[in-house]
Every structure is written in C-alpha cells, then in structure tokens.
Amino acid sequence: MSDIDVSAADHLLKTTKQVRQRLDLTRPVPAELILECIDVASHAPMGGNQERNRWLVIDDPDLKAAIAEPYQAVGRPYLAAGADSTATARQQRVVDSASYLVEHIAEVPTMVLALRLDRLPETAQNFEVAGYHGSVAPGVWSFQLAARARGLGSAWTTFHLVHEQQVAELLGIPDTVTQIALLPVAYYTGDTFSPAPRRPAEEITYFNRWKNPRS
Ligand SMILES: Cc1cc2nc3c(=O)[nH]c(=O)nc-3n(C[C@H](O)[C@H](O)[C@H](O)COP(=O)(O)O)c2cc1C
C-alpha cells in the first residue's frame with residue numbers, strides 16, 4: 001500500500017505544462033509561495049546529496065526588462081526559423097506559445113533562475129555532464145510541480161543562456177556559478193490543463209536488449 005493518491009499524483013505529473021499564454025501578467029506572486037515551492041524542490045535527488053543548487057528570484061521590473069533583452073535577441077530568430085512551412089500543427093503550437101512568451105517575458109510578475117554553484121570544465125565527459133545536470137533538473141521540475149499545485153504556471157526556458165555572462169553581470173552572479181534555467185512564474189488563468197499527447201511507453205521502451213520489445 002502507498003500513502004499517495006495515485007490518480008492525484010498522475011494528474012499533477014501529466015498536467016504540469018510549460019505555461020506561457022496562460023500566465024496571468026496582472027497578478028503579483030507572493031514571495032512566500034515561491035519559497036514554499038523551493039522548499040519542496042530541495043527534496044529532489046542530487047548526486048552525492050550535495051546541496052549545490054541555488055535560486056534567484058527576480059521581481060524588480062528593471063531587472064526583468066534587462067533579462068528580456070538577451071532572451072528576445074535569441075528567441076526571436078530561433079522561433080522564426082522554427083515556424084517554417086514544414087512545421088506540424090503541434091510544433092507550430094509550441095512555436096506560437098514560445099513566441100508569445102518571447103514578446104511578454106518582461107511582463108511576468110516573477111522570474112526564477114535556477115543555478116548551480118560550480119561550472120563544468122569545457123572538456124567534461126558524459127558521466128560528468130549527466131551527474132551535473134542530473135543534480136539540478138529534478139529540482140527544477142519539482143519546483144514546477146509544486147508551483148502548479150499552488151495555482152502557479154511556469155515555463156522552463158534557456159534562450160537567455162546564450163548570453164549567460166550578460167545576465168550574470170546584471171545580477172551579480174559570480175563566474176564560478178552556472179545558470180541552468182529561467183522560469184517565468186505567474187498565476188495561471190483557467191482552472192486546469194489537459195495532458196499533451198505522448199508516445200505510449202510500449203513504443204519507446206525496450207527490454208533486456210536495445211530495440212527488444214516486451215515478450
Ligand atoms: C531544457 C529545456 C529548455 C527549454 N527551453 C525553452 C525556451 O528557451 N523557451 C521556451 O519557450 N520553452 C523552452 N522549453 C520548453 C519546451 O519547449 C517544452 O517542454 C515543450 O514546449 C513541451 O511543452 P509541455 O511541457 O507543455 O508539453 C524548454 C524545455 C526544456 C526541458
């Protein structure tokens with residue numbers, strides 16, 4: 001027996017979406033709520049159980065506008081390239097949604113920047129990259145889940161990282177620290193979300209040998 005309501009847990013996991021067009025840009029998000037989500041996220045696994053993750057919460061309008069600059073400089077051309085005639089309807093929806101966020105990123109009530117205290121060497125091998133990012137990503141996702149449960153939408157974004165240094169200087173982040181993801185956070189509009197279509201587990205899972213289906 002488990003002490004978890006499986007259907008409630010699955011509902012949260014399947015309906016925590018990357019929210020962009022349904023971010024309520026008019027309603028401030030209390031800092032206490034963000035801290036609650038970070039407390040939950042801190043329970044995510046990390047290699048060696050080292051607490052090397054940090055969070056920076058940005059709600060100053062001037063700083064948000066300054067972060068929007070590199071975000072837009074990268075996001076606009078990237079998304080314009082993705083919106084060609086070969087895009088499927090599903091891809092086009094993501095491009096439209098991401099483009100909306102590019103244009104409104106400065107207006108989000110709160111930005112949450114997920115950080116890690118060290119930097120990977122340029123020559124890092126896969127086991128180091130896997131351990132490094134695998135120690136941060138679960139916490140970022142837990143943050144998004146905790147936020148969704150509290151009525152807050154968020155989106156995992158990385159566009160600004162092309163200009164990571166510019167944002168580091170703006171926010172006083174030392175060069176020993178790595179920026180991992182920038183999450184715009186706001187109350188979401190509407191009541192709930194529908195799960196997106198995904199390939200069934202049987203199609204993407206092998207047993208015992210590569211490409212071997214379940215017998
Ligand atoms: C590592 C990573 C980087 C991403 N970077 C961006 C980004 O810069 N901008 C953006 O709008 N979405 C970004 N996304 C969101 C994906 O595009 C998103 O997962 C996809 O739209 C699926 O949406 P869904 O989770 O709502 O189904 C990123 C997601 C991940 C995991």
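Hi everyone, let me start with the second largest cavity, which has a volume of about 30 Å³. By cavity I mean a set of points, on a 1 Å grid over the protein atoms alone, where a 1.4 Å probe fits but cannot get out; a pocket is an open set with protein on both sides within 12 Å along at least five of seven lines, and lining residues have an atom within 4 Å of a point. Grid points are joined across faces, edges and corners, and a volume is the space filled by probe spheres set on the points.

Before going on: this is a predicted model, where local features need pLDDT of at least 70 and side-chain atom pairs count only at pLDDT 80 or more, while totals for chains, interfaces and linings use all residues. Residues are numbered from 1 along each chain as its sequence is written, and side-chain values use heavy atoms, with hydrogens and water left out.

So, what lines the second largest cavity? Its lining is T16, K17, V19, Q144, R148, L152, G153, S154, Y188 and F193. Two elements, α6 (137–149) and β3, each give two or more residues to that lining, and β3 has the largest share with three. Helices here are DSSP runs of H or I with at least four residues, strands are runs of E with at least two, and both are numbered from the N terminus. By class, we get four nonpolar, four polar and two charged residues. Ala, Val, Leu, Ile, Met, Phe, Trp, Tyr, Cys and Pro count as nonpolar, Asp, Glu, Lys and Arg as charged, and the others, Gly among them, as polar.

The largest cavity holds about 40 Å³ of space. Helix α7 (residues 164–171) gives the largest share of its lining, three residues, and the lining divides into four nonpolar, two polar and three charged residues.

Now for the largest pocket, at about 580 Å³. It is lined by 18 residues, and K17, Q18, R20, V94 and A196 lie nearest its centre. Its lining splits into six nonpolar, six polar and six charged residues.

Last stop, strand β4 (residues 178–187): ten of its ten residues are buried, meaning under 20% relative accessible area, with exposed over 50% and partly exposed in between (1.4 Å probe, protein chains only). Strand β3 (residues 152–154) pairs with β4 in the antiparallel sense over three bridges, where pairing requires at least two DSSP bridges. S154 has V185 as its bridge partner in β4. Strand β2 (residues 110–116) is also antiparallel to β4, over seven bridges, with V112 opposite L183.
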